[in-house]
Amino acid sequence: MKQHASPSIAGPSRLPDEQLAPVATLRAGPSSLQVEPESFRRPSFHPSSSFPHSALTDRLTRSQADTGQSWIISLSHNVHFSRHAFFAGVKDLAVHPERNSTVILRADPLPPKPTPSIATQTRQINQDDPKGAEKVHSNPIAETFSASDEEAVWLGLSRREEFRLRLMPKQVKRDGKLDQRIAIYESESSPAKHDSTTGQADHGHDAEWGMVMMIPEVKSADEIPFYHPVVSKLAFLYEGVKRDEEETRVAAEGSELAPHIESETTSKGSSLPIRGRIYVAYLPLHSLFTRNSAKRSEPPPGPLNGGGPSGVSTAAEFSRPPNLLLAAARRTPPKRRSPLSQSTSSDTSDTSRVDSEISSSHKPGWSKPMHTASSSAVDQNRLNRTLLALFERVFKHGYNGITPYQKRVTHDVLVQKESFQDLYLELKDRHRHLDSRAPRAGSTTVEDVKRHVWKDVAIAAFLMLLWRDMYPAQESSKSIEGKPWNSWGRPPGGFIDLGCGNGLLVHVLTSEGYSGKGYELRARRTWPLYPPETRSALVELPIDFPSWFPQTVEEWTAGSWPGRDSCAIVSDCFVIGNHADEITPWIPLLSLLPRVPVPYLSLPCCFHTLDDTFNPLNFNPPAHPHSPPGNFAEGLEEGQSRYKAYIMWLGYCGLLCGWEWEKESLRIPSTKGWAIIARRRWTTTDEELLACRQWALEQVDVVRKRGMFKVREREGKDH
């Protein structure tokens, strides 16, 4: 087979100039307003709590007398986007509530809930009576509405879409789930011809109206989790405006809105007209200011619960209430635990300890040391902050129709997001007692060690789901009650974690019934603290990779050479490189050592070649018949960076070893979370596999001749 030209991965770290060509920058497509994204600057967010009367707001206010519901319009803002963009932006936020709060995991879809329709006999303004007399007649639209959406009928809106969601919190044991109904309404034609109050023509009636209602399915305020506003209904409204109305309002001197409704000017001198106004309104619960506040804990700061952008919620009316959860956590000094320390009465998990202190330290009126206002004022301030933060999100997302948002990173390509989140939370709860390092005698240093624990737990969850899809299901050999992964597929030869460090990933996988080995240059202080099953899976091993390879391709084909027995890579295994530093570039080559190449997952961290440092800020892979359909940079962050170039270089090395290019940005607490997954081979013949091994052996020979590779052996003190 003809060998493809390729750079030596063991050679100098500086690549040739022809491989340093700049990467083309992706450009957003044209918007619905035909404005180039680079020329339009989204206006600043300046909401107003006072606004001129309009047809929509007047009608919503008048509906209170008929429906008995007291809607409160909190904020308004003029916008340049259309009603269609408004619907798209609000729906996107409703489907992805995790963008509004750090304590929400996601929203799961629910089946429609049958609800009785309201009576078809509804009231409507008599257009022939300037005094606004009412007459009763049959309304066919009303039959399709839920009984709780009478205000939509009063506004003359027809239902565009309706769906139900279940908000899933990250801390299931602490925060409750919430079922929510989302109803989207729009005006199909002119709702009325005259204003029932003045008898004059209403210039706003021929504009587009829209409303998105979010209704929590609860019976009392105590059933609403803290991450959701304590309201009966929450609505975002859109009212289109005509050009002459916009000009009239801009010309009005002394108007409070005048400074904020001028047409937006682009960098090229063109201007965009004001397309409409958006509002946020809510229907309070009757028990909003009388509920038992002891049943509702304060949330961590975040956009949904009032942690709006800097400089927005600094006014006195948006003062932040105390955070009891964090205050309780601060009162108890953090404790250092070994990797195997179990929860005891004196050493409980963070969540249970905080919950215990909340229940034991709670006293009526706990907020008064920081706030002299009554509990009702505190609740209203918090609601105001929440509405302000949500309204700003709606404002920003609406402009995506003008300046389309381009995702920087593509997630959840190989493993489904929902499956990963569910498994991660379950594993996190099962291993919540873990610390990533053993305490040192006499040390008082407090470190953020939990981040290391959750990173390895997340990687374990990803691997378990990846293996489930890669390997056939098996008969359960061990009984772990209620654990579905006991019958999931797994590597027949076990996993091999090269550079396993403290052994935490090995311990998590072993504890969940997966067999494998973890290899490290020297034992860590945490190793003796693991149970016997984990300790037997942790092995000290010198780093001398060139000795693992044969001298010739003929020896490789025969399957026997002097260093074969010392090699840790066995048949049918799965190789893991979890931030393995200088081991990382060797992993694609090591995967070829068994008779049948073995798959691997590599999480690159530090920049190494086989025997040197990787320095380029850009890498353009040479042409190859089996390069990915787009290019290696597709899905990665835009621009140039050393980390991006290193990811692409490692992917190209894997391609030359016969592996198809696959990558995934793992959901782990790390700035270097890209994983390279080799699970499918493009080689289909023995000749193609032989060519890949020939190339790999050439790279090893270069390392041997250069003499720059340093054999790493155990030395010095325990680490």
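This is a predicted model: local features need pLDDT of at least 70, side-chain atom pairs count only at pLDDT 80 or more; totals for chains, interfaces and linings use all residues.
**Sheet and helices**

Seven strands make up an open sheet with mixed pairing, in the order β14-β13-β12-β15-β16-β18-β17. Its edges are β14 (538-540) and β17 (663-665), each of which pairs on one side only. On average, neighbouring strands in this sheet are turned by 20 degrees against each other, direction ignored. Strand β13 (residues 516-520) runs parallel to β14 and is joined to it by three bridges. Opposite Glu520 stands Glu540 in β14.

Helix α10 (residues 504-511) lies across β12 (495-498), β13, β14 and β15 (574-578), at about 165 degrees to β12. Helix α14 (residues 642-656) lies across β16 (600-603) and β18 (674-678), and runs at about 5 degrees to β18.

**Aromatic contacts**

The whole structure holds 25 aromatic pairs. Among them is the tilted pair of Phe86 and Tyr238, with 5.6 Å centre to centre and 35 degrees between the planes. This pair links distant parts of the chain, since Phe86 is in helix α2 (residues 83-95) and Tyr238 in strand β8 (residues 231-240), 152 residues apart. Phe86 is buried at a relative accessible area of 1%, and Tyr238 is buried at 1% relative accessibility.

Phe549 and Trp556 form an edge-to-face pair because their planes stand at 80 degrees, over the 60 degree cut-off; the ring centres are 5.9 Å apart. Both residues are buried.

Two charged side chains lie over tryptophan rings, as listed here.

| Charged residue | Ring | Distance from ring centre |
|---|---|---|
| Lys428 | Trp454 | 5.0 Å |
| Arg681 | Trp659 | 4.6 Å |

Notes. Residues are numbered from 1 along each chain as its sequence is written. Side-chain values use heavy atoms; hydrogens and water are left out. Two strands pair if DSSP finds at least two bridges between them. Helices (H or I, at least four residues) and strands (E, at least two) are DSSP runs, numbered from the N terminus. Axes are lines fitted to C-alpha atoms, for helices over the stretch in contact, and angles run from 0 to 180 degrees between N-to-C directions. Contact means heavy atoms within 4.5 Å. Rings of Phe, Tyr and Trp (its six-membered ring) pair if their centres lie within 6.5 Å; planes under 30 degrees apart count as stacked, over 60 as edge-to-face and the rest as tilted. Buried means under 20% relative accessible area, exposed over 50%, partly exposed in between (1.4 Å probe, protein chains only). A charge sits over a ring if NZ of Lys or CZ of Arg is within 6 Å of the ring centre and within 35 degrees of the ring normal.
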